[in-house]
Amino acid sequence: MLTVSNLRVFYGQSEIIHGLDLDLGPAEIVAVMGRNGMGKTTLMKSLIGIVPAAEGSIRVGDAEVAGLESYRRVAAGLAYVPQGRMIFPAMTVQENIETGLTVTGERAVPEQLYTLFPVLKDMRGRRGGNLSGGQQQQLAIARALASKPRVLLLDEPTEGIQPSIIKDMAKTLCRIRDEIGLTILVSEQVLSFALDMADRVLVIEKGAIVHESPRQGIDEEKVSAFLSV
Ligand SMILES: Nc1ncnc2c1ncn2[C@@H]1O[C@H](COP(=O)(O)OP(=O)(O)OP(=O)(O)O)[C@@H](O)[C@H]1O
């Protein structure tokens with residue numbers, strides 16, 4: 001559903017992503033894990049088109065999206081939740097979600113989103129900036145889902161979120177995979193969260209995938225060692 005091959009991304013002369021390959025199936029959750037500065041955010045930004053790729057192919061289903069502007073990638077089925085969530089603090093919860101409707105042509109927020117995130121229904125008239133970190137993360141995910149994507153990109157969703165809420169978030173992502181059939185690529189540093197929801201775990205170091213394992217039978221110590229060195 002998301003196939004990336006030989007992706008190369010530079011900031012100036014520095015090569016940050018080095019010929020990276022990825023292949024995510026339908027309704028699969030893959031966690032890309034790595035320490036600070038290893039290239040997770042750059043990978044996500046290049047997939048959605050905020051940072052240009054120098055080389056490589058990015059396919060959503062059969063559609064090649066590398067080289068397209070971000071809004072065209074969204075129309076092709078990619079959705080992106082940036083690190084730090086970036087919701088619109090002065091807009092209400094409902095208005096925030098409505099900004100995601102533009103590519104579908106729908107006017108009203110689909111009820112399914114409020115079923116997935118009941119707290120957002122209760123708070124739909126509140127300003128986004130008044131929500132807690134965990135609620136803002138739900139809002140950012142709901143806004144991304146409003147474009148009816150096939151592939152969801154989530155950059156470090158647990159950052160700044162309380163541990164008790166992180167468990168709920170893992171459950172919600174599994175529901176999104178199982179009920180909507182979405183493919184999810186999530187970058188993460190929290191191993192317990194990745195193990196709670198990912199079908200497969202990849203480790204990125206200096207812009208290259210250095211380890212890969214299905215969740216079943218994963219060597220947790222080995223992955224922890226990559227994250228703590
Ligand atoms: N705008 C930029 N210009 C130049 N170099 C950058 C820029 N943004 C990131 N980098 C460098 O690219 C490398 C990868 O950074 P990136 O933010 O992708 O890592 P990350 O794994 O997402 O880390 P974090 O968990 O801290 O977000 C780092 O060496 C970083 O210093």
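Visitor: Which residue is the bridge partner of Leu2 in strand 4?

Guide: The partner of Leu2 is Val60 in strand 4. Thr3 has its bridge partner there too, Arg59. A strand here is a DSSP run of E with at least two residues, a helix is a run of H or I with at least four, and both are numbered from the N terminus. This is a predicted model, in which local features need pLDDT of at least 70, side-chain atom pairs count only at pLDDT 80 or more, and totals for chains, interfaces and linings use all residues. Residues are numbered from 1 along each chain as its sequence is written.

Visitor: What makes strand 1 and strand 4 a pair?

Guide: Two strands pair if DSSP finds at least two bridges between them. Strand 1 (residues 2-11) and strand 4 (residues 55-60) have five bridges, in the antiparallel sense. They pass the test.

Visitor: How do you know that strand 4 also pairs with strand 5?

Guide: Two bridges join strand 4 to strand 5 (residues 63-64). At least two are needed, so they pair. They run antiparallel. Arg59 stands opposite Glu64 in strand 5. Two residues lie between the strands of this hairpin, and Gly61 has a positive phi near 60°.

Visitor: In what order do the four strands of the open sheet lie?

Guide: The order is 2-1-4-5, with antiparallel pairing. Strand 2 (14-24) and strand 5 are the edge strands, as each pairs on one side only. Helix 1 packs on the sheet and touches strand 1, strand 2 and strand 4. Contact means C-beta atoms, placed from the backbone, within 7 Å. The direction of helix 1 makes about 70° with that of strand 2. Such angles run from 0 to 180 degrees between N-to-C directions, with axes fitted to C-alpha atoms, for helices over the stretch in contact.

Visitor: Why is helix 1 called largely enclosed?

Guide: Seven of its nine residues are buried, so the rest of the structure largely encloses helix 1. Buried means 20 or more other C-beta atoms within 10 Å of a residue's own; exposed means 12 or fewer; partly exposed lies in between, with C-beta atoms placed from the backbone. Among the buried residues are Lys40, Leu43 and Leu47. After helix 1 comes Gly49, with a positive phi near 95°.

Visitor: Which helix gives the largest share of the shell around the ligand?

Guide: Helix 1 (residues 40-48) gives three residues. A residue is near a molecule if its C-beta atom, placed from the backbone, lies within 6 Å of it. The residues around the ligand include Tyr11, Gly37, Lys40, Thr41, Thr42 and Gln83.

Visitor: Why does the radius of gyration agree with a compact globule?

Guide: The rule is 2.2 Å times the number of residues to the power 0.38, with the radius taken over C-alpha atoms. For 229 residues it gives a value near 17 Å; the protein chain has 17 Å, so the two agree. The C-alpha atoms fill a box of roughly 45 × 40 × 30 Å along the principal axes.

Terms used
Contact = placed C-beta atoms within 7 Å.
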